[in-house]
Amino acid sequence: MENDKLMKTGAVAEALGVSRQHVVDLCERGDLPSIRVGAHRRVRRSDVEALLDAQSMTEEQRKQLWMHQAMLTHLLTRPDEVMGLARENIRRWSSMHRADGRTVEYLREWDSILARGLEQTVGTILSTSPRARELRQNSPFAGVLSQTERTQALRTFREKRAPAA
């Protein structure tokens, strides 16, 4: 697949606008997956594109991703309950919006993702793709985190977030 073409570290550096050494550092820290081909490091193009997507996220998009990550423990330990709550939210909210509106479009897409199972749902939640960012803005997972958990996750986000580039 073209999207999984292996790239040399120099090409990755050029794509990211950083030094080759910075790419090596990213790989060594595990921030950018890589493989060894002999003595040389190679990076999948799809991993570079994912990193570029993540770097282009707004502060609000990073916060939404963080909050969804905070909710993952509940989703992974009580999938039926959490996905049931999400489906109920979709059903309730869909009845409040115009059938041909954007919100209902997002809710239908979430319903389709939930129907494909836990792995697809988790993948969408963790994705930094532009579409996943849009979907998280219309998330059916309201009410999964308690108010205390939500407050703590927001506090941690503010404390731990990386400074804007």
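**Around one tryptophan**

Guide: Leaving aside neighbours within four places in sequence, Trp110 is in contact with Ile90, Thr124, Ile125, Leu135, Arg136, Asn138, Ser139, Pro140 and Phe141. Contact means heavy atoms within 4.5 Å. This is a predicted model, where local features need pLDDT of at least 70, side-chain atom pairs count only at pLDDT 80 or more, and totals for chains, interfaces and linings use all residues. Residues are numbered from 1 along each chain as its sequence is written, and side-chain values use heavy atoms, with hydrogens and water left out.

Visitor: Which residues touch the most other members of the largest nonpolar core?
Guide: Met71, Leu75, Val82, Trp110, Leu114, Ile125 and Phe141 do, in a core of 21 residues. A nonpolar core is a set of buried Ala, Val, Leu, Ile, Met, Phe, Trp, Tyr and Cys residues joined through side-chain atoms within 4.5 Å. Buried means under 20% relative accessible area, exposed means over 50%, and partly exposed is in between (1.4 Å probe, protein chains only).

Visitor: Which elements give two or more residues to this core?
Guide: They are helix H4 (59–77), helix H5 (79–94), helix H6 (102–115), helix H7 (118–126) and helix H9 (147–160). The largest share, five residues, comes from H6. Helices (H or I, at least four residues) and strands (E, at least two) are DSSP runs, numbered from the N terminus.

Visitor: What else is there besides that core?
Guide: There is a second, separate core of eleven residues. Val23, Cys27, Val43 and Val48 are among them.

Visitor: What tends to happen to nonpolar side chains in soluble globular proteins?
Guide: They tend to be buried together.

Visitor: Back to H6. At what angle do H6 and helix H8 pack?
Guide: About 110 degrees, with their axes 10 Å apart. H8 covers residues 130–137. Axes are lines fitted to C-alpha atoms, for helices over the stretch in contact, and angles run from 0 to 180 degrees between N-to-C directions. H6 and H8 are therefore roughly perpendicular to each other. Angles under 35 degrees count as roughly parallel, over 145 as roughly antiparallel, 65 to 115 as roughly perpendicular and the rest as oblique.

Visitor: Which residues meet there?
Guide: From H6, Arg102, Glu105, Tyr106, Glu109, Trp110 and Ile113. They meet Arg131, Glu134, Leu135 and Arg136 in H8. By class, this contact has four nonpolar, no polar and six charged residues. Ala, Val, Leu, Ile, Met, Phe, Trp, Tyr, Cys and Pro count as nonpolar, Asp, Glu, Lys and Arg as charged, and the others, Gly among them, as polar.

Visitor: New topic. Where does UniProt place the "domain: Helix-turn-helix" feature?
Guide: The unreviewed entry places it at residues 6–55. UniProt positions are given in the numbering used here, feature names are shortened, and annotations may be inferred rather than shown by experiment. That span is 58% helix and 22% strand, and its end C-alpha atoms lie 21 Å apart.

Visitor: How do helix H1 and helix H2 pack?
Guide: H1 (residues 9–16) and H2 (residues 20–29) pack at about 100 degrees, with axes 8 Å apart. That makes H1 roughly perpendicular to H2. Thr9, Gly10, Val12, Ala13 and Leu16 in H1 meet Arg20, Val23, Val24 and Leu26 in H2. This contact has six nonpolar, two polar and one charged residues.

Visitor: What about Leu6, where is that?
Guide: Leu6 is in strand S1 (residues 6–8). Leu6 is partly exposed, at 38% relative accessible area. Leu6 and Arg44 are 38 residues apart in sequence, but 4.5 Å apart in space, C-alpha to C-alpha.

Visitor: Zooming out, how many helices and strands does the protein have?
Guide: Nine helices and three strands. Along the sequence, the pattern is β-α-α-β-β-α-α-α-α-α-α-α.

Visitor: And how much of the protein is buried?
Guide: Of its 165 residues, 35% count as buried.
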